[in-house]
Amino acid sequence: MKTLQSDKKISVIATDALLLCAALVLSYVEAVLPLDFIALPGFKPGLANIVITVAAFRFSALHAAVISLARVSIVFLLFGNPISFLFSLFGAVLVIVCLLVLTKHCSALSFVGVSLICASAHNLGQFVASLLLVGTSVTAYLPILLIGAMIFGGINGAVLCLLPDKIYNFCQKEPL
């Protein structure tokens, strides 16, 4: 029996590592994408949030939290700066809080709805970080951030809905 329990733990660690790697690859893709057509600072598609959402709904919000915070930390170490880390961290923490609530209480929402809420939460986290760094002079930027959240959150939610079952169901969900 100890071997089965040990194998299960190894499987969970390996799956989390795989999801973290996928989130890091998507973060790198975002970093090198030519997003010059978006003339607004701070806008990114949030592709790694696709992986975080899969982790939350396939396993648990705790898995998503670990993967998300590890991703934010590693991205900071690889190609970030303290200010971008602060913005990413505040956004990630609010997304984790939303995923904790959504995975427990909102089973009727589609991935589009979940992504819209999480993208808005991420941008609100970034807004709070900017309030702390700059002050209230950034208040007028909040509606623009939320419009961006609706656009990119909707796109990411649509991508989640289109994921083939083989990707989404890459392993069986079992209680930890």
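At what angle do α2 and helix α4 (residues 82-105) pack, and how far apart are their axes?

1. Model and confidence. The structure is a predicted model. Mean pLDDT for the protein chain is 85, with 87% of its residues at 70 or more. One stretch calls for caution: over residues 170-176, pLDDT stays under 50. For that stretch the model has 16 contacts beyond four places in sequence, and these should be read together with the pLDDT stated for it.

2. Overall architecture. The protein chain comprises 7 helices and 0 strands. Read from the N terminus, its elements follow the order α-α-α-α-α-α-α. Of the 176 residues in the protein chain, 38% are buried. Where contacts link residues at least 6 apart in sequence, 72% of them join residues at least 24 apart.

3. Geometry of α2 and α4. In answer to the opening question, α2 and α4 pack at an angle of about 40°, and their axes lie 10 Å apart. An angle is classed as roughly parallel under 35 degrees and as roughly perpendicular from 65 to 115; α2 and α4 are therefore oblique to each other. Their crossing is right-handed.

4. Residues between α2 and α4. On the α2 side, Ile52, Ala56 and Phe57 take part, meeting Leu99, Leu102 and Thr103 of α4. By class, the residues of this contact of α2 with α4 comprise 5 nonpolar and 1 polar, with no charged residue.

5. Geometry of α2 and α6. Helix α2 (residues 48-58) also packs with helix α6 (residues 142-162), here at an angle of about 50° and with the axes 10 Å apart. That angle makes α2 oblique to α6. In passing α6, α2 forms a right-handed crossing.

6. Residues between α2 and α6. From α2, the residues involved are Ile50, Thr53 and Val54, which meet Asn156, Val159 and Leu160 in α6. The contact of α2 with α6 divides into 4 nonpolar and 2 polar residues, and no charged ones.

7. Helix α2 in summary. Helix α2 packs with α4 and with α6. Toward α4, α2 presents Ile52, Ala56 and Phe57; toward α6, α2 presents Ile50, Thr53 and Val54. The crossing with α4 is right-handed, and so is the crossing with α6.

Notes
Residues are numbered from 1 along each chain as its sequence is written. This is a predicted model: local features need pLDDT of at least 70, side-chain atom pairs count only at pLDDT 80 or more; totals for chains, interfaces and linings use all residues. Side-chain values use heavy atoms; hydrogens and water are left out. Axes are lines fitted to C-alpha atoms, for helices over the stretch in contact, and angles run from 0 to 180 degrees between N-to-C directions. Helices (H or I, at least four residues) and strands (E, at least two) are DSSP runs, numbered from the N terminus. Angles under 35 degrees count as roughly parallel, over 145 as roughly antiparallel, 65 to 115 as roughly perpendicular and the rest as oblique. A crossing is left-handed if the near helix is turned anticlockwise from the far one by less than a right angle, and right-handed if clockwise. Contact means heavy atoms within 4.5 Å. Ala, Val, Leu, Ile, Met, Phe, Trp, Tyr, Cys and Pro count as nonpolar, Asp, Glu, Lys and Arg as charged, and the others, Gly among them, as polar. pLDDT is the predictor's confidence in each residue, from 0 to 100. Buried means under 20% relative accessible area, exposed over 50%, partly exposed in between (1.4 Å probe, protein chains only).
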